[in-house]
Amino acid sequence: MRELLIRQKQVLFFIIAGGLSAVVEIGSFKAFSTYLPHFFSGETNFHGIHYPLSNIFSTSCGIITNYFLSIWFVFERGKHSKRKEFAYFMAVSFISTLLSLGFFQVFYSFIFKDNINLIFYTLSPEMISKIAAILLVSILNYSVKKKVIFNG
């Protein structure tokens, strides 16, 4: 019973840490996707890739936030040294970033075409695509980080 409670607590903390990281990622994506096109005209459509720099920079902000929240609140230290743990975390995050970028492109190009009005805020297709990609990749992230990196 105690293990079940600990596991549920860990999942809850992972969701909270992921939520906070997602807020950082989505907020920084909004900022980057608003301002970078003024400096790089290809940012909105770079050979068919929409918002590549905004995605990469915002995902990096989210990954770094998630790493620190994960080691502080979610997972216990695994059998790896801090250096190896960080390297594994970054490798998994890099693969997750590629998946997230791929999902974003599919969502933005083919699925989400219209704004969603939430009364207090209107979500653009790029924001909806970013949120959907984050949600999809976060499930994979938890499993891999728990089993491979933090050996939980």
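Ile119 is placed in the loop between β1 (116–117) and β2 (122–123), in a chain that has four helices and two strands. Helices here are DSSP runs of H or I with at least four residues, and strands are runs of E with at least two, numbered from the N terminus. The model is predicted: local features need pLDDT of at least 70, side-chain atom pairs count only at pLDDT 80 or more, and totals for chains, interfaces and linings use all residues. Residues are numbered from 1 along each chain as its sequence is written, and side-chain values use heavy atoms, with hydrogens and water left out.

**Loop residues with positive phi**

- Ile119 is not a glycine, yet its phi is positive, at about 70°.
- Ile119 counts as exposed because its relative accessibility is 83%; the classes are buried (under 20% relative accessible area), exposed (over 50%) and partly exposed (in between), with a 1.4 Å probe and protein chains only.
- Tyr51, in the loop between α1 and α2 (52–74), is another residue other than glycine with a positive phi, near 55°.
- Tyr51 has a relative accessibility of 9% and therefore counts as buried.

**Overall architecture**

- Read from the N terminus, the order of elements is α-α-α-β-β-α.
- Along the principal axes, the C-alpha atoms of the chain fill a box of roughly 50 × 35 × 25 Å.
- The chain has 152 residues, of which 39% are buried.

**Recorded transmembrane regions**

- An unreviewed UniProt entry lists residues 12–36, 56–75, 87–107 and 127–144 under "transmembrane region"; UniProt positions are given in the numbering used here, feature names are shortened, and annotations may be inferred rather than shown by experiment.
- Residues 12–36 are 100% helix and 0% strand in the model, and the end C-alpha atoms of this span lie 35 Å apart.
- Residues 56–75 are 95% helix and 0% strand, with 25 Å between the end C-alpha atoms.

- The buried residues of α3 include Glu85, Phe89, Val92, Ser93, Ser96, Thr97, Ser100, Leu101 and Phe104.
- Ser93 counts as buried because its relative accessibility is 3%.
- The C-alpha atoms of Ser93 and Tyr121 are separated by 30 Å, although these residues are 28 apart along the chain.
- Ser100 is also in α3, and its relative accessible area of 6% makes it buried.
- Between Ser100 and Leu136 the C-alpha distance is 8.0 Å, across 36 residues of sequence.
- Leu98, likewise in α3, has 48% relative accessibility and so counts as partly exposed.
- The C-alpha atoms of Leu98 and Gly48 are 16 Å apart, with the two residues 50 apart in sequence.

**Nonpolar surface patch**

- Phe94, Ile95, Leu98, Leu99 and Leu140 form a nonpolar patch on the surface, with about 470 Å² of accessible area together.
- Patches are made of residues with over 30% relative accessible area and no salt bridge, where like charges are joined within 9 Å and nonpolar side chains (Val, Leu, Ile, Met, Phe, Trp, Tyr) within 5 Å.
- Accessible areas come from the Shrake-Rupley method with a 1.4 Å probe, and for residues only the protein chains shown count as cover.
- Helix α3 (residues 82–111) gives the most to the patch, with four residues, including Ile95.

- Side chains of opposite charge can pair when their charged atoms come close.
- The count of salt bridges is one, a salt bridge being a side-chain nitrogen of Lys or Arg within 4 Å of a carboxyl oxygen of Asp or Glu.
- Lys130 pairs with Glu25, and their closest N and O atoms are 2.9 Å apart.
- The pair links distant parts of the chain, with Lys130 in helix α4 (residues 125–149) and Glu25 in helix α1 (residues 2–39), 105 residues apart.
- Lys130 and Glu25 are both buried.
- Helix α4 has 25 residues and reaches 34 Å from its first C-alpha to its last, close to the expected 36 Å.
- A kink of about 30° in α4 is centred on Ser138; the bend at a residue is the angle between axes fitted to the seven residues ending there and the seven starting there.

Technical notes
The expected span of a helix is 1.5 Å times one less than its number of residues.
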